Amino acid sequence: MKMSKLFVQTLRENPSDAEVVSHKLLVRAGFIRKLTSGVYNYLPLMWRVLKKIENITREEMDRAGAQELLMPFVQPQELWEESGRWGVYGAELMRLKDRHERGMCLGPTHEEVITSIARDGLKSYKQLPVNLYQIQSKFRDEIRPRFGLLRGREFIMKDAYSFATNEEDLMKEYQNMAQAYKRIFKRCGLDTKMVQSDSGAIGGKISHEFMVITDTDAGENDVFYCDSCDYAANSNHAISKLPAAVVDGGFNKKEVIDTPNTHSIDELAAFLKVPETVILKSILYIADSKPVLALIRADKQVEETKLMNAVGANEIRIATAGEIEEIMREHGFDAVAGFIGPKGLNDINIIADKTVYDMKNFVVGINQTDKHLVGASLSDFPNIDKYYDIRLCEAGDFCPQCGKPLKVTRGIEVGNIFQLGTKYSEPMNAVYTDVDGKNKPFIMGCYGIGISRTAAAAVEAHHDEHGIAWPVAIAPYHVVIVPVNINDELQIQTANRLYEELQRAGIEVVLDDRDERAGVKFKDADLIGFPYRITVGKTITEGLVEFKTRQGEVMDKISPQDAVYRIIAEVNKILA
RNA sequence: CGGAAUGUAGCGCAGCUUGGUAGCGCACCGUGUUCGGGACGCGGGGGGCGCAGGUUCAAAUCCUGUCAUUCCGACCA
């Protein structure tokens, strides 16, 4: 490709709406352009990158035995009613009506459609197990799109769905996909960590996410992991052992005392001169519009996804100050936030964290403003009868597997795998006929990779102050040839010769034939992120060129042949 | 949805307080000098100021409404 004809416009300045580095660089280097909030044009350079990631994904999925198909982007409401998700998916599902006022939606994921395909096309146990996948655009009307391609509303995803007759085959395919994913991300030049996670709106029991580890804001997930063993989990799912703590308040007697204006745990602990670990914290949530009281040792935080799972709700949020007072009033109490507790709330769902189980002689709110009960014990609250893990882990907690300290970092979720079981096949009546002649629902799994997010994550992982540094396997082009002065006959001839020679060898090469100063061409080359650069300058009179890798290796004076051979060798090695 | 802010040329911005008919940098076109890390000079082209009303002799500037975008909080590949 000649640079003079390449469709690209590089910018000197960062776009004003970009926060994270991948967004800034992809816009500045001319890869993407925003059409509307969370929706981007993939310009020619970007499309080359995306196609490469798609192809790597496709090759590995095919190698793993999956079959590619393509499902519609627009889906009918009825299908979503069959699975029961039309009512629960929420505003993220982009709903629309056709001219006949029939309900439709833009596909945010394709469990419903694939299940309908399976129930039509898979009739016998003899056809199973099978894994079907597609690579396609998805649309999710995110509350707040941001970070460019990392959280767009429209994005490209590879989604695969497996169908089996039993849990064992599902588990095999799950492992098979986990292995395929590791190969895919490795080939894309990305280090990923496979972590346990909550399965969220997609459903199912067991799930793992593939995270690109980063220490920037672009990583929207907290990941807890252990260096001593293989434990790693998303914060929404991580469990831990706690360091020893004082859990006995040491109060002489049980009594209600005045604790004026202690609206926060800080203030209460300071007022009573006790550690937070002897205070029982009560937080009122609204789960699917019903009140839920969460109890936890006051030095710990509630993990809302865990709480949501414990309640079995689809949506959860902390109650507002007004709601707290109103709900208290309904139960005959006059209490504001900061003074509430489980006392007397017999018809409210109470979810106690396991940390509560060990507490003795503690401090707790009793639904009276400006008062707390000290010296309390769990037997005072017969309505606390079950204990769950709803606690958010913290760095410094210990690994649940080996007991060593856990570490925390941030990650970008580029892929995930779920064991769905019969969550969709059962309600949608997707069954096959088993050996015994009986109809049984498919045991399903599903497996996603954010293709466009993976591209952005690659930029987050591979860049410097000058621009992007694409891994060879997903770079839009492998090499750029820069003749310093295009009016120099020898330089331009040599550049042309190298250009043709590399092309013949199957290398993807850009010849920067623009009549620009060398500095401009170098800046653009660095910004766009070509893995290799050959500069043909003055030293060509001695038969020498400069060879540079985007990683920073420079050879000032090298023969053009050596540069070409090296590029051919390295690229072929990576692509092999 | 709650809180904050912004919409002026492809991009980044100034001009609005104190209304007088739009400007700067980058990018683009022409031209000359320059030529190994985003050169400089000269000469050009492009917008009527998100949209719709209103006030006024006159509105990018004031008023009303509306739409969009961005940031901060609750969601997820």
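Biologist: What should I keep in mind about the model and its numbering?
Modeller: This is a predicted model, in which local features need pLDDT of at least 70 and side-chain atom pairs count only at pLDDT 80 or more, while totals for chains, interfaces and linings use all residues. Residues are numbered from 1 along each chain as its sequence is written, chains are lettered from A and ligands numbered from 1 in the order in which they are written, and side-chain values use heavy atoms, with hydrogens and water left out.

Biologist: Into which domains is chain A divided?
Modeller: Domain bounds come from an automatic or database domain assignment. Chain A has domain 1 (21–239 + 408–460), domain 2 (255–388) and domain 3 (477–575). The C-alpha centres of domain 1 and domain 2 are 37 Å apart, and their contact (heavy atoms within 4.5 Å) takes seven residues from domain 1 and five residues from domain 2.

Biologist: How is the area between domain 1 and domain 2 to be read?
Modeller: The size of an interface is often given as the accessible area lost when the parts come together. Here buried area is the accessible area (1.4 Å probe) that two parts lose on being put together, summed over both. For domain 1 and domain 2 that area is about 410 Å², with 44% given by carbon and sulfur atoms. Val88, Asp198 and Asn236 supply 72% of what domain 1 buries against domain 2, more than any other three residues.

Biologist: How many salt bridges cross that interface of domain 1 and domain 2?
Modeller: The rule, a side-chain nitrogen of Lys or Arg within 4 Å of a carboxyl oxygen of Asp or Glu, finds zero salt bridges there.

Biologist: Which residues come nearest to RNA strand B?
Modeller: A residue is near a strand if one of its heavy atoms lies within 4 Å of it. Of the 50 residues around RNA strand B, Arg12, Arg144, Arg151, Glu413 and Asp526 come nearest. Sugar and phosphate make up 53% of the atoms of RNA strand B that come within 4 Å of the protein. Bases are approached as well: a polar side-chain atom of arginine 151 lies 2.4 Å from a base oxygen of RNA strand B, and an N or O atom in the side chain of glutamate 546 is 2.5 Å from a base nitrogen.

Biologist: Which backbone details deserve a look?
Modeller: Most residues other than glycine have a negative phi, and most peptide bonds are trans. In this model a cis peptide bond, with omega about 0 degrees, joins leucine 128 and proline 129. Phenylalanine 147, a residue other than glycine, has a positive phi near 65 degrees.

Definitions and conventions: Polar contact = N/O pair within 3.5 Å; in protein donor to acceptor, adjacent residues only side chain to side chain.
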